[in-house]
Amino acid sequence: MMRLLIEPITPAEPGYIALKTESLTHHFNMLRRLEESWLRGENQFNAPGEKLLGAFLNGRLVGICGLNRDPFSQLPRAGRIRHLYISKAWRRAGIGKQLLTTVMADASIWFDFLNTHAPQAAHGFYQKMGFVPVTGESRVTHRLFCSI
């Protein structure tokens, strides 16, 4: 029986390096950027409403997703989904959906909407999760309006 646990993490989490290495192998840089900005102290997901969560399957880190205030928006209640990555072996198993749902669970307390800048391969996933495509904004591909 598989046991999925979603809880707060940092890049120091055992298993992070392996997941980051896998992501780089598949030409995704989000976990490298996450770690670099964390180590520089630029983004540690510690402002009100922010969080960085990991998905653990039987104790093994298989996914990561974060939520920040959107640094690219002038609107103070704009949130941003950051660094969502699921191990290739576990994609299409519902882990991404559960992880993103957990990250967004209380987002409406802090944010009016959530932006993301997703790679083409993830567009369908975000649209299934209720995000709408955005055009004309250089750092946003999809947006979800939060309800209270």
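Contact here means heavy atoms within 4.5 Å. This is a predicted model, in which local features need pLDDT of at least 70 and side-chain atom pairs count only at pLDDT 80 or more, while totals for chains, interfaces and linings use all residues. Residues are numbered from 1 along each chain as its sequence is written, and side-chain values use heavy atoms, with hydrogens and water left out.

View 1. Leaving aside residues up to four places away in sequence, Phe-131 touches Ile-81, Leu-100, Met-104, Leu-114, Thr-116, Tyr-126, His-142, Arg-143 and Leu-144. A nonpolar core is a set of buried Ala, Val, Leu, Ile, Met, Phe, Trp, Tyr and Cys residues joined through side-chain atoms within 4.5 Å, where buried means under 20% relative accessible area, exposed over 50% and partly exposed in between (1.4 Å probe, protein chains only). The largest such core has 23 residues, and those with the most contacts inside it are Ile-81, Leu-100, Leu-114, Tyr-126 and Phe-131. Strands β2, β3 and β4 and helix α3 (95-104) each supply at least two residues of this core, and α3 gives the most, with five residues. Apart from this core lies another, of 14 residues, among them Tyr-16, Met-30, Leu-31 and Phe-56.

View 2. Helices (H or I, at least four residues) and strands (E, at least two) are DSSP runs, numbered from the N terminus, and two strands pair if DSSP finds at least two bridges between them. Seven strands form an open sheet in the order β1-β2-β3-β4-β5-β7-β6, with mixed pairing. The edge strands are β1 (4-8) and β6 (132-133), each of which pairs on one side only. Strand β4 is joined to β5 (residues 113-116) by three bridges, and these two strands run parallel; the bridge partner of Arg-80 in β5 is Asn-115.

**View 3. Strand β3 and its two antiparallel neighbours.** Eight of the 10 residues of β3 (residues 60-69) are buried, so this strand is largely enclosed by the rest of the structure. Seven bridges join β3 to β2 (residues 51-57), the two running antiparallel, and Leu-52 has Gly-66 of β3 as its bridge partner. The hairpin formed by β2 and β3 has two residues between the strands, and Asn-58 in the turn has a positive phi of about 50 degrees. Six bridges join β3 to β4 (residues 78-86), again antiparallel, with Gly-63 standing opposite Ile-86 in β4.

**View 4. The two sides of helix α1.** The buried residues of α1 (residues 16-25) are Tyr-16, Leu-19, Lys-20, Glu-22 and Ser-23. These residues cover an arc of only 160 degrees around the axis, taken from the directions from the helix axis to the C-beta atoms, which puts them on the same side of α1. Their cover includes α2 (30-39), β3 and β4, whereas on the other side of α1 Ala-18 and Thr-25 are exposed. His-27, which follows α1, has a positive phi, near 65 degrees.

**View 5. The whole chain for orientation.** The protein has five helices and seven strands, which follow the pattern β-α-α-β-β-β-α-α-β-α-β-β along the sequence. Along its principal axes the C-alpha trace spans about 40 × 35 × 30 Å. Of the 148 residues, 47% count as buried, and residues 24 or more positions apart account for 60% of the contacts with a separation of 6 or more.
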